[in-house]
Structures are given as structure tokens and as C-alpha cells.
Amino acid sequence: MRSLRNLLLAALVVLGLSTVILAEEYTFYVVSHGGPGDPFWGVVMKGMQDAAAMITNGTEDTVNAIYLGPAVYSLTELVNMLNSAIAARPDGIVATITDPAALDEPLRRAIDLGIPVIAINVPDPRPAGERIPYLFYVGGDEYLSGRKAAERMLAVRTPTRAVVFIHEVGHHGLELRAQGFMEVMADAGVPADKLAIGTDPTQAVEIIRGYFSANPDTDAVFTLGPIGTLPTVTFLREQGLVGKVMLGCFDLDEVTLNAIKEGIAMFTVTQQQYLQGYLPIQWLYLYNKYGFLPANDILTGPGFVDASNIGLVEQLIIQGYW
Amino acid sequence: MSDQPLVQMVKISKSFGTVQALKDVDFDVRHQEVMGLVGDNGAGKSTLIKILTGVYPPDSGEIYFEGKKVKISSPKDARDLGIETVYQDLALIPLMSISRNFFLGREPVKQVGPIRLLDKRKMDETVQEVLAEIGIRVRSPDEEVAILSGGERQSVAIGRAVYFGAKLLILDEPTSALSIRETHKVLDYILEAKERGLSIVFITHNIYHVYSVADRFTILEHGRKVAEFAKADVSAEEIIEIIRSGHKAATEGEERGPSG
Amino acid sequence: MGQVTNRTGRGTAPPRFSLEAFLTWLRRHPEFGAFAGTVVVFIGFSITATRFLTPDSFAGILTVAAELGIVAAGITFLMISGEFDLSVGSVLGVAAMIFALTVKAGWPVLGSWAVALLASAGIGLINGLIVTKTGIPSFITTLGAMMFWRGILLAVTKGFPIQFFPRTLPPMFFALNGRFVGQFRTSALWFLGIILLINLILVRTRYGNAVYATGGNRDAARVLGVATNKVKLINFVISATLAGLAGCIQFARFLSIDPTRGVGLELEAIAAAVIGGTLLTGGAGNLVGTLFGVLLVGMVRSGLVQSGAPAYWYQAFVGLIVVVAVIVNTRLRRWALG
């Protein structure tokens, strides 16, 4: 009898101890080139927080997810933040590979230190042997997004002339989107241009006006983000060109949303960036705890929002998921 | 001509911390006279003048202007009394026109509806007249002061003081940066101003310059007045000697005494 | 009294057209360089871009010029009195944000506008007080202000833009930036009105004289009784208020304001002022020059796009123009002074 009781007690102790021992705490850093000022990243942050909360509340483990991003786009700031994150010796790092050359050294160092790294939003474009050896990439495919956007337009009708409005020249991701779009258009025999419009809407409208004045047959426009969408929508509305010019946008914000609802824009491309915050946290947890790893990159985009699903998406935007 | 001096500073003392800049200095200037205020660096000339023009108050002593005791607490007070100063580099603003400089702070205006606009015509006409009197010829009073030579600028500043009814004009190193020809022009103009009824305090290191126009001289040394002469009683070389070799020489000079 | 002759040995001659007369006129008008440049660029683009000479094209140039110009006007006035304001871009953003938030909250539009302008004036006052009371150079003070207010903007908005979707456009919005004839907007009227008013104050009032004096030689001005600190304080307030006005005007058209609006504006405004003949060191310049400076900058951008040049060139072109303009203005000045 006594030995049975002792056995039970011992089992209880072991069980209790194992719960304590097996309950882990993980700290993951998400370091990205996007900070406050771009609501796009607000959604990524929510994905990150939701994933961390889900694990913390649903298991015995605790996940701390911390987001770092510079207020104004600055590569140096990004690298500094990354170095700070690495110095904290976290259990995992999630990073946007905004500039592979600049991020190569710090990330390789992190990986050598045994910190698992997942890339999001912007991948390292180099081939497998050369690129930064992060575990995998979660994000959109910029080039593919541009291509699919053009294909969508061509499915409706072949435009006489197409133009891409780029608001941040030299931004690798934007340039890839533009390239994909322009190549598909060119293959279809449509003359396609790229126009740098800058970030000030008043000036952008005038640049757009100048382009249309020189190219009045333009009837397809692709913008690469909300900063480009605002002046474009304003211009089309003011000039009465709604319906005459096909407009494809990128990412979601209130202006883009309304443009789709009012029929000014045909669609907007999304990269479902919620997943870019959510999935890496989940995977870092699974990898740290059980060693699981997906076999391939996870593409979260291109996804499309247009008149057919705008109703659902609109609700979710308010809640911060889109 | 009354015997009463225009300005009388009595037993003025001033220290800055432990440094006694002035001690018991008496200084007076009569009506329509040119007084040369001389002395080596650090003698206290600049401090004395700053007290007279309201930049700082004296620690002790009194100032009388036209016979009445006055308290000069700010540069504005001094200007209101009729004391004007022409500093070497601060007299005119080179980027502005002669007209604007002349009337700075006292511009004539005409009412146009709810606002007061500068009376450009009056400004230009007045300046044109004054320039003609001084003998400076320019294409227009709207020209920048920068086109005037150093001597011309000094003359314009003096002309400004005369125009605005200054009674006492203090010139701080007016000829130091000028050529010989220019210097003579300015000295001539100083005498002109005196003819018009002004008194002038001429502060300088160049004894020969001041000697040619001054009526009397006050010599300061280490914050005290060590000598005062009428021109008739002293030569330029003697003044230089006093400044150069100090109080001892001054005492010897006093033995010779003023005449009359 | 000896004989005095002026530099060329001639006495006062009756006015007649001559190189002399032109040089004198040139001395009094530093904006000539910008004016000439504007004409040259205008002619140039008229040749390379067929639609350049249309009313729509002019209206477009004027629209861009108006917003930049309102800010540049304030900065010019401040620069002439010897100080800089690098915070105008952030003030534009803050004012627009306040305008947007209050209007969305249902306040009467006029009241919202007034609050936005008052807030801008307040920022200018703070800038001015720091500069005049502590003696910290305005370049540093307003640089700090630029970063501070931009940070406040980001923190308050948490990065999200503010968008306003009224059922009908409030009349005040139309008054600020509505289209009244073709593509011409009321913002151009604000711009021209402000240029005229401020130039009048600068060139034709006692206060304007004090502004020139304060910038030309602050110590000399002070010695002559000019209240230089008060002048600077007032000009800081004016500069910031005008920047705030530009922010409200922009919002009135786009109905949307994001927290990065106005970044980089200060340098463009200073460039326009410098192109127009205002000296970086203060004491000289006028609003007419700024007018041409702003038009020139607007024309270059529009003309390049309409000529089919890659719009990537715009930045390089404006930089080139600024340098050329300063060289030309300096040479002209030297030539005019003989």
C-alpha cells in the first residue's frame, strides 16, 4: 500500500515537474524595413501578435514577439536594429531582406550563432548556394504579382497603352512588380512605360497629368502602393477618366478600398501580409520545439481583392487582418 | 554762447567685477565744440561713452545734459536726449539702400487705407538733399550702401545724425579704416557738423587726425582722467607722449599749465 | 568742402537708358536672375513639349507652385531676417492632421481651420522663443523641431492615414483648393495673394525695413534701435503659420493625409527662395524672386514629363538649377556692384 502511494506521489511529482520543465519561453524578433507611417506593416504586426498570443494562451509555452522597424525608410537604421536584435540572442529572427548585400553579414552571423532566421516580404533573390541561408521565405512574389496583375487586365481587354506609377524609385520590390507588369504587357504588344511620381500627391498629380498630356491614349494604369493610388484616383476622378482607364492597385487602404467599391479601380493585389507576421512566429515555435520545417517557401501573394470579395475584406480591414 | 557745458559727467566710476574700468572721471563737452577723447587701449574711453549712451549705468557719479541732471538707462534715452553715436562698423547696413539706412527706425510714413506705408518719395528726396550737401553723388538714393566708400559711409552716418537733430555726436574711430583722401573728407564734414551747431566727441588712437579738428582733448589712463587740454596749450606730439609714457609726463605737462 | 565725384567720374545725370542705368536697376532687383531663368526654361520647354503652352499645363504648374510657394513665401521672409526654418514640412503635416481630425470629429470647418493655423503659429512661436532666448542657431533648433513634430505626428496617428469622406464638399474646402476655372485652383489665388501681401510688408513698411536690417547686420540694427528679437519671433510665427496653411490647402483637395506628408519640403522651399535671389546669409531678397523660383521649379518638373524625359531626371535637374541660379545671382550682383 505504502509503495503504491509513494509510486503515485512520485508520478505526480514527475508530472508536475515535467510540466514546469517542459514549459518553455521563446523570444522572437521581427526586424523589418517598415515602421510606423505605413499601415501595411500594422497588419503584419497584428499577425505577429496574434500568433504569439495564440501559442501563449493555447499551450504551456510563452512566446514573446517583438517588432522592430525604422520610422522613416532607412537601410542603416534597419541594420542597426537587426544588430541589436542579434545581440539579444533571441530564439529566432524574422527579417525582410530589403538589401541582401547589407543584411548578408549580420544574418549569417546570427545563423552561425544558432539563431534560426526566416525571411519575409522581400526574399534574397540569389540562387540557393549563394543566398543568405535562412530557413525559408514567407511572402509575396513581387515579380509574379506584377505579371498576374497585367494578365488580369488583359483578360478584360487589351489596352492601347499601359503605364506603371512608381512612387519610390529604386525600391527593389516595387521595381520587380513594375517589371513583371511591363513584361507581360510588352509580350501582348502593348506599349508600357514606367513613371516616377514621388510621394507628394500634389506633385504626383501634375506629373501624371503631364504624362497623360503627352500620351493621351493611355488606358491602363498600375500603381504599386497606396501612396501611388491616392494621386491616381484623384486624377482620374478630376479628369473624368473613371471607366475609361483600367486601374490596378497594390495593397489595401481606405482610398484603394473605396476606389474598388466605386468602380474606379478594377482590383488590388495583396500579399496578405497578415500571414507574413503570423506564419513565421508559428513556424519558429514549431521549429524550436519540434524541429519541423516546411519543404519550400510559402507564398502569401499575389492575392487579389476586387468587387467580388470586397465586402468580406472590408469587414476584416477594420479589424486589422487585411 | 552760454558757459554751461552741453554735457557734464561728474565723478563717474564703474567696475566690472574686480576690474575698475573708471574711477572718479569728470568729463564735459561744451556747446559747438569738438572734444577729442584719447588714451591707450584699456584706458576706459569705450566704457565712458557706453555710460553716456545708456548701454550701462555708472556705479556712481552724475550726468548733466544742458544743465539738467539726467538718468540715461537705455540707448533710447540717450537718443531721445539728442546723443547719437556712429560706431565704426555698425553705422550702416551694407545690403540696404542709403535711403533705408538713413531712416531706419524713424521712417516717414503715409497712411494708405488701414496701413501705413513708407513714404518713399520723401525718403528719397531728403536723402538726395543730404547727400548733395555732404558732396556725395550717387545715381539714386536707392543704391546699396555697399557701393559707398568707407569715408562716404561715415559721412552719411554723420549726416543722418545732423538731420535728426542730434546735439551731441559721438564718433568711435571714424577715420581708422580710411585712406588719406577719405579721412580729410570726413574731417571736413565733422567741422561742417560743428558749424551747424553740434558738439562732437571724437574717440581715436590717431592723434594727428583728431588734433586737426578738435578744440579740446581729454586723456584717460587706466580708468582715470589724467589730463585735459585746450588745443592752444598742447601739441599733438605732447599728447602722444603723455599717452605713451603715462602719468608722470602728464604731471610735468600740468606744470606748464593752461594759459589764461 | 572738396569736390566729390562718384565712381565713374560723372555727376548726377538725367535718367537715360544705358548700361549704367541697367546696372543700377539690377542692383535693386535681385529677382532678375530667377525671372530670366523662368523665361529661358519656359521657351525651352515650349519647344520640346507640344502641350506645354496650354491652359491646362499652366494651371498644373501653378497648382504645384501654389502649395510650395506658400511655404516658400514664409521661409523667404524669415531668411531675409537672418534665420532658417527646417520644420515647415513637419508643421505642414501636423496642421493637416489637426485639420483632418477636427473636421472628421464634426467641428465646424472654419473652426477646425483656425485651430490648425493656431497650432502652426504655436510651433513657430516655440521655435522663435528657443532661438531668441537661448541663442541656439535656428538651423539646429528647427532641425530638432522638424524631427520632434514628425515624431509626434507618427505617434499620435500610429502610422495610419486619416481619410475624410464627406457627403458634400464643405464650401471652405472649395475656398481653399477648389477648381474654379478649367484646371485653375483657388490655391493659386491664396499663393498670389500671400506673395503680394508679404512683399508689400517687406518692401513698403517700417516692419519690412526692420526685417532687412535684422538680417543685414543684426548688431548694427540693434544699435540703431531695431527690436531684432521681436522681428525674428514674428517671422518664425509667420513661417510656421504659412506652412500650416499649405497643409490645410492640400488636405482640402485630397481629403487624405498620411503621416509622412511634407517630408523634404523645407529644402525645396529654401531652394526656391535661393533661386529667387534670397541670400542664405540674410539681409537681401524679396517675394517676387521666390515667386519666380517656385514657378521655375514647377515648370521644370512638368516640362520634363511632358517632353518625355524620364522623370528620374527631375531631381538632378532641380539640383543643377539651384547651383546654376546661385552662381548666376552672385555673378549678377558682382557685376551690378561694379
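Author: A polar contact is a pair of N or O atoms within 3.5 Å; within protein, one must be able to donate a hydrogen and the other to accept it. The model under discussion is predicted.

Reader: How many residue pairs are in polar contact across the interface of chain A and chain C?

Author: Both residues of a pair must be at pLDDT 80 or more to be counted. With that condition applied to the interface of chain A and chain C, the number of residue pairs in polar contact is 12.

Reader: Which helix supplies the largest share of the side of chain A that touches chain C?

Author: Four elements of chain A, namely β7 (192-196), α7 (201-214), α8 (226-239) and α9 (254-261), each give at least two residues to this side. The largest share, 11 residues, belongs to α7(A).

Reader: Which side chain of chain A meets C:R253 in a salt bridge?

Author: Between chain A and chain C there are 2 salt bridges. In one of them, C:R253 is paired at 2.9 Å, N to O, with the side chain of A:E238.

Reader: What area is buried between chain A and chain C?

Author: The contact involves 33 residues of chain A and 28 residues of chain C. Carbon and sulfur atoms give 59% of the buried area, which is about 2700 Å².

Reader: Which chains share the most contacts?

Author: Chain A and chain B are joined by no contact, and their closest C-alpha atoms lie 35 Å apart. Of the 2 pairs of chains in contact, the one that shares the most contacts is chains B and C.

Definitions and conventions: Residues numbered from 1 in each chain as written. Chains lettered and ligands numbered in written order. Predicted model: local features only at pLDDT ≥ 70, side-chain atom pairs only at ≥ 80, totals over all residues. Heavy atoms only, no water. Contact = heavy atoms within 4.5 Å. Buried area = accessible area lost by both parts, 1.4 Å probe. Salt bridge = Lys/Arg side-chain N within 4 Å of Asp/Glu carboxyl O. Polar contact = N/O pair within 3.5 Å; in protein donor to acceptor, adjacent residues only side chain to side chain.
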